[in-house]
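Biologist: Please take one part of this model and go through it slowly with me. I would like a careful, connected account that I can follow beside the structure.

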Amino acid sequence: MVRQWNNQRLREHIAGYLFILPNLLGVLFFIIVPLVFSFILIFMDWDYLKGLDGLSFTGFDNIILMFKDDYLLTSLKNNVIFTAVTVPASMALGLVVAVILNKHVYWRNVWRTLFFLPYVSSLVAISIVWSVIYNSSSGPLNSFLRSMGIQNPPGWLADPKWALFSIIIMVVWTYIGYTMVLYMAGLQGISKDLYEASEIDGAGAIHQFIKVTIPMLKPTSFLIAITLIISTFQVFAVVNVMTKGGPLNSTMVLSYHIYLQAFQHYKMGYAAAMSWFLFLIIFAVTLVQWRSQKKWQQHF
């Protein structure tokens, strides 16, 4: 009887492992193996056009090269500026829109859909449309500015001083819908008793927003901040479509620099070293925020 029960348990275990076997194989071959191989490439030089015969050991040369690469420093600086502006701007505008739509607004679902639509649309298609809008000579934006009497409007994507800022505007526009949806979900969880109690104490709308709404949305803000920081450090498609890192490397970011080294200059080992460098940056930022979250929750 016991032996029959054990055999049945064994068959159930085998059946369970067979069900998850395709996923395990997918994780193994498409995530773990490439991850380990990319780490090994840090210490190698690989011309992938020659297959595995193109592998050669270089030691720490790729890591040393990173400290001498001026383009890497420029890319990192642009990434930091991009993240430092995009994340707070997206969160602030998304919160404002969420608070407005959370009130009694006509066609709330229509407005919510319109704001969320850019986030779920193709980023490549959006980038092409905004490239046309930003066209310095015949784009609708500069045509409008000239009609308003501005004789020398910005060159936008063609101007090194404006190119990164132009991309930030477009990306913030796409992120507003994402932050708005999460903030609206957070607003639904705030008890109305808190607002009624603050009204009894004589608090106005602005005071309620600062003293009640923002503190109660700290967990939501934390989630949004983490996801946006990770996303902005990985920005690639927008730069690839709109500027390709130019003009004069003013929009060069880490992901695009890694792409150029790997698939334009065939330096897969150096690209792998920079990829792990980017991973460590994101990992460090996430750890700092994770520890900050515990402090927030303690005060909360």
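Modeller: What follows is a close look at the nonpolar core and at a helix pair that involves one of its contributors. The model is predicted, so that local features need pLDDT of at least 70 and side-chain atom pairs count only at pLDDT 80 or more, whereas totals for chains, interfaces and linings use all residues. Residues are numbered from 1 along each chain as its sequence is written, and side-chain values use heavy atoms, with hydrogens and water left out.

The largest nonpolar core has 60 residues, and Ile167 and Met242 are those with the most contacts inside it. A nonpolar core here is a set of buried Ala, Val, Leu, Ile, Met, Phe, Trp, Tyr and Cys residues joined through side-chain atoms within 4.5 Å, where buried means under 20% relative accessible area, exposed over 50%, and partly exposed in between, with a 1.4 Å probe and protein chains only. Among the elements that give two or more residues to this core are strand E1 (44-46), helix H3 (70-102), H7 and helix H13 (268-299); helices (H or I, at least four residues) and strands (E, at least two) are DSSP runs, numbered from the N terminus. The largest share of the core, 13 residues, comes from H7.

Met242 touches Ser127, Trp130, Ser131, Tyr134, Leu157, Ile167 and Met170, leaving aside residues up to four places away in sequence; contact means heavy atoms within 4.5 Å. Thr243 lies in the loop between H11 and H12 and counts as buried, at 14% relative accessibility. With residues up to four places away in sequence again not counted, Thr243 touches Leu157, Ile167, Val238 and Thr251.

H7 (residues 163-188) also meets helix H4 (residues 108-120): their axes come within 6 Å and cross at roughly 130 degrees. These axes are lines fitted to C-alpha atoms, for helices over the stretch in contact, and angles run from 0 to 180 degrees between N-to-C directions. H4 and H7 are therefore oblique to each other, since angles under 35 degrees count as roughly parallel, over 145 as roughly antiparallel, 65 to 115 as roughly perpendicular and the rest as oblique. The contact includes Arg108, Arg112 and Phe115 of H4 and Trp173, Tyr178 and Met184 of H7. Its residues divide into 11 nonpolar, two polar and two charged, with Ala, Val, Leu, Ile, Met, Phe, Trp, Tyr, Cys and Pro counted as nonpolar, Asp, Glu, Lys and Arg as charged, and the others, Gly among them, as polar.
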